[in-house]
Amino acid sequence: MPRRAAEVAEVLYEASVYRSYVQMAAAALPVLETSGGSIIVVSSVAGKLASPFVALYTATKFAMNDFFGALQNELALKKSNVSVSILILGLIDTESAMNKIRGYAMMTTYPASETALSIIKAGVTRQREAYYPWFHYFTCLINNIFPFMKGILLSGLSAEYTADIDDNCFPE
């Protein structure tokens with residue numbers, strides 16, 4: 001991994017995981033313990049499936065999912081009344097998401113308004129983990145049961161998609 005990429009990864013992790021989620025959760029937990037509140041974590045299917053072209057983004061989502069998964073378990077062991085809901089989202093039709101994939105992928109997007117409703121429902125019902133769209137649950141489950149399938153699918157990608165992989169995974 002180029003040196004610049006390592007620096008970018010450190011900054012991205014610091015901003016995307018540690019400062020924005022971990023510190024906020026630590027600061028909020030005492031109040032949430034008193035009120036029986038909830039933490040709602042908005043994540044991505046990229047945090048469940050290591051995906052090409054978005055290595056750094058994927059790494060931050062894996063870290064976030066695992067941190068809050070561990071927190072769920074710790075709170076359960078303490079018999080805490082705080083719930084942690086982790087939402088695993090597919091590609092949502094926001095402007096920033098569309099700008100990032102333009103020229104790299106042709107994927108189905110899902111409406112932001114329906115996504116927001118899904119997030120609210122999962123939080124209100126205190127689900128440990130929820131997926132939007134729902135079928136990504138099975139995408140992740142199949143990946144866990146048959147990990148070799150990803151290699152088969154990726155081997156079918158054409159050279160035009162993989163030629164600039166270093167530019168996308170490890171920015172200069």
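Which residue forms a salt bridge with Lys48? The partner is Glu129, with the closest N and O atoms 2.9 Å apart. A salt bridge here is a side-chain nitrogen of Lys or Arg within 4 Å of a carboxyl oxygen of Asp or Glu. This is a predicted model, in which local features need pLDDT of at least 70 and side-chain atom pairs count only at pLDDT 80 or more, while totals for chains, interfaces and linings use all residues. Residues are numbered from 1 along each chain as its sequence is written, and side-chain values use heavy atoms, leaving out hydrogens and water.

Lys48 lies in the loop between strand S1 (38-44) and H2, and Glu129 in strand S3 (residues 129-132), so the pair links parts of the chain 81 residues apart; helices (H or I, at least four residues) and strands (E, at least two) are DSSP runs numbered from the N terminus. Lys48 is partly exposed at 26% relative accessible area, as is Glu129 at 33%; partly exposed falls between buried (under 20%) and exposed (over 50%), with a 1.4 Å probe and protein chains only.

The count is 2 salt bridges. Lys78 and Glu33 also meet in one, at 3.6 Å from N to O. Lys78 is in the loop between helix H2 (55-77) and strand S2 (83-89), and Glu33 is in helix H1 (residues 3-35), 45 residues apart. Lys78 counts as exposed at 58% relative accessibility, whereas Glu33, at 27%, is partly exposed.

The surface also carries a nonpolar patch of about 1,100 Å², whose residues include Trp134, Phe138 and Ile152. Such patches join nonpolar side chains (Val, Leu, Ile, Met, Phe, Trp, Tyr) within 5 Å, or like charges within 9 Å, from residues with over 30% relative accessible area and no salt bridge. Accessible areas come from the Shrake-Rupley method with a 1.4 Å probe, and for residues only the protein chains shown count as cover. Helices H5 (136-145) and H6 (148-155) each give two or more residues to the patch, and H5 supplies the largest share, 5 residues.
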